[in-house]
Amino acid sequence: MCGIVGYIGNKNTKEILLDGLKELEYRGYDSAGIAVLQGDTFESFKAVGKLINLEEKTKDFITDRFAVGIGHTRWATHGKPTELNAHPHLGESSYVVHNGIIENYAELKKELMHNGVTFLSQTDTEVIVHLFEKNLKTSSSAFGAFSQTIKEIEGAYAILLVTKSEPDSIFFAKHGSPMILGKNSENENYFASSDTPLIGQCTDVNYFEDGDFGYVNPQEIAIFDKNENKKEPNFSKLSTNKLSAQKDGFRFFMEKEIYEQSVVIADTLMGRVSESEVLFDELDANLFDGINEIKLCACGTSYHSALSASYLFERYAKIKTSVEVASEFRYRQPIMTKDTLFVVISQSGETADTLETLKMAKEAGLKTLVICNVDNSSMVRLADATVLTRAGIEKGVASTKAFATQVTVFWMLTLFVAKLRNTLTNEEIAKQIILLREVPASVKVTDSMHERIKRLSKRYLHGHGFFFIGRDIFYPLALEGALKLKEISYLHAEGYPSGEMKHGPIALADPELFTIALLPQHLLYEKAKSNVEELSARDSTICVISALEFDKADDFIQISTCQDYMLEFFEMMVVVQLLSLEISIRLGNDVDMPRNLAKSVTVE
Ligand code: M6R
């Protein structure tokens, strides 16, 4: 995820761009940059790290007359977070910013280099500006060159380009990545990845459709659709409330974050999977040398993703894997051997218990890795290696998209290690990668599913408790479902391995005990089904989540039929998240800030 902004007008362009980027910083913050064209003079600034570094670099830069400007805040996908890889990228006399991925960049780059173009960065984005410059030489106008460029690129993008050959225009294109155009009565125009930077600056906004491209200058807003037909802008009034704008029309941040999972998982995969292998540019190949065991350590939801990972590591990478609750691990004088890779998992990177275990592992001389959502957090600074989850800022206290991206990273990491250890064939890895690429689609929330869960939720507002049950990797998902529910509904909920119910918990079974049963078609279906039948025989009220209809259930939430249990895992994850959300809303609770909890637990 990256954030982009653009401005055309007479005000202080630098401040407007920086203020806009501040609102978008949650989308990525490993580097930022701006380019401003005043008359025929371009000025561009870039800085690695948070926006504050760019502010520092631009403090003597003055913009006091008509200008066009573009800005970008980056979450690295292609190429490390360096100044050279930061946007805007320069051609001969044009700059570009881009959010998304240019899938055919390698071929385009090869061809451009063959024609003598020198590339300064490792990004996919840089091809756009060089391609534009090349097309400019043979086109009758800058817009002609820009439309030709858009025809030649493939992938997902929101692009802004400024060029000396049309010094009062911004060229734009949107396909698969968000971008909005704003205007006001002072004849100023703004672009941004979301509407929050525009609040207070613009009165009206135009939401582009995929395939839209064109240009904006003080005289004209020209928009063309994907078939190159000119269309009228479709402006609507912009909300004046920042908080509700940040929620994009959703009732709660948690709801928005559940809906965002498809996009952030796609971001997490971006640049890390080819057809035949998983690539982690950020990991040294020798990280796994001499490693015979993986120890995963975390708290809460991150612990559940670690537990999920342990099934995958042992199944696919055939490596011994253990999982620890950080608050327990730190005081139990654990034995740590140097052939163990110590992995901490944390959304925030600041959780005190988890951080402490990382320090212990470092002191014991173990190699360490952190799976984290926040760059530059304490854990990221301390660990030997980092893989970022790219979920973007998670505001709801109940974690959703962070969990989704953690499991995605772990699945990729398993395949990465399986390749190193030769425990899966290339064909098996390629098959898994096909499945991985299907995850963004499998977590898309459909109206019908959300409506069904909303309706069902009214039957689950009382009772003396919930059991979430599942087998294998669906057991950690059951734990996560129960945690979500108790955090925001304050109802008592437990996660259990389905096969354990008969060893005690089944004593609680009666119609007022609600069982949420995870029944994947592609993993131990018959075994898990018998466990549910045992509960049904004791008159427990049962809600089954499965692709296959189950006649002994009181309620049934159907997921789609797919080819693999991991896709079922992700779809069921969305179902349990939505179920907790809807129950909590019906109970009138504050979903985003549930009682007694905090987003980041920096005390032990
Ligand atoms: O930031 P972390 O992932 O280290 O946080 C760990 C837990 O505090 C966190 O997952 C907590 O359980 C969430 N509220 C779960 O929704």
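Is Ser-94 buried or exposed? Ser-94 is buried, with a relative accessible area of 0%; buried stands for under 20% relative accessible area, exposed for over 50%, and partly exposed for what lies in between, with a 1.4 Å probe and protein chains only. The model is predicted, so that local features need pLDDT of at least 70 and side-chain atom pairs count only at pLDDT 80 or more, while totals for chains, interfaces and linings use all residues. Residues are numbered from 1 along each chain as its sequence is written, and side-chain values use heavy atoms, with hydrogens and water left out.

Ser-94 is found in strand 6 (residues 94-102); helices (H or I, at least four residues) and strands (E, at least two) are DSSP runs, numbered from the N terminus. Leaving aside neighbours within four places in sequence, Ser-94 is in contact with Phe-42, His-89, Val-129, Phe-132, Glu-133, Leu-161, Val-162 and Thr-163, where contact means heavy atoms within 4.5 Å. With Thr-163 there is also a polar contact between the two side chains, at 3.0 Å. A polar contact is a pair of N or O atoms within 3.5 Å; within protein, one must be able to donate a hydrogen and the other to accept it, and residues adjacent in sequence count only if both atoms are side-chain atoms.

The chain as a whole is divided into domain 1 (3-247), domain 2 (250-443) and domain 3 (445-604), with bounds that come from an automatic or database domain assignment. The C-alpha centres of domain 2 and domain 3 lie 24 Å apart. Across this pair, 43 residues of domain 2 are in contact with 43 residues of domain 3.

The interior comes next. In soluble globular proteins, nonpolar side chains tend to be buried together. A nonpolar core is a set of buried Ala, Val, Leu, Ile, Met, Phe, Trp, Tyr and Cys residues joined through side-chain atoms within 4.5 Å. The largest such core has 94 residues, of which Leu-296, Phe-313, Leu-369, Trp-411, Leu-413, Phe-466 and Phe-570 touch the most other members. Helix 18 (residues 565-586) gives the largest share of this core, 14 residues. Because domain 2 (250-443) and domain 3 (445-604) both give residues to the core, it lies between them. Phe-313 shows its surroundings in detail: beyond neighbours within four places in sequence, Phe-313 is in contact with Ile-294, Leu-296, Lys-318, Ile-319, Thr-321, Phe-410, Leu-413, Thr-414 and Val-417. Another core, of 26 residues, lies apart from the largest one and has Val-127, Leu-131, Ala-145 and Phe-224 among its members.

The model also holds a ligand. Of the 14 residues around the ligand, Ser-302, Ser-346, Gln-347, Thr-351 and Glu-487 come nearest; a residue is near a molecule or strand if one of its heavy atoms lies within 4 Å of it. Oxygen atoms of the ligand lie 2.7 Å from a polar backbone atom of Gln-347, 2.8 Å from a backbone N or O atom of Ser-399, and 3.0 Å from an N or O atom in the side chain of Lys-484. The protein covers 91% of the 410 Å² of accessible area that the ligand has on its own, with areas from the Shrake-Rupley method and a 1.4 Å probe; for residues, only the protein chains shown count as cover. Glu-487 lies in helix 16 (residues 474-489) and is buried, with a relative accessible area of 16%. Apart from residues up to four places away in sequence, Glu-487 touches Val-397, Ala-398, Pro-594 and Leu-597.

Some backbone features deserve attention. A cis peptide bond, with omega about 0°, joins His-87 and Pro-88, and Pro-88 is placed in the loop between strand 4 (67-74) and strand 5 (89-90). Glu-228, a residue other than glycine, has a positive phi near 70°. Glu-228 lies in the loop between strand 13 (220-224) and strand 14 (230-231) and is partly exposed, at 42% relative accessible area. Gln-333 is not a glycine either, yet its phi is positive, about 45°. Gln-333 is found in the loop between helix 10 (326-329) and strand 18 (340-346), where it is exposed, with a relative accessible area of 73%.
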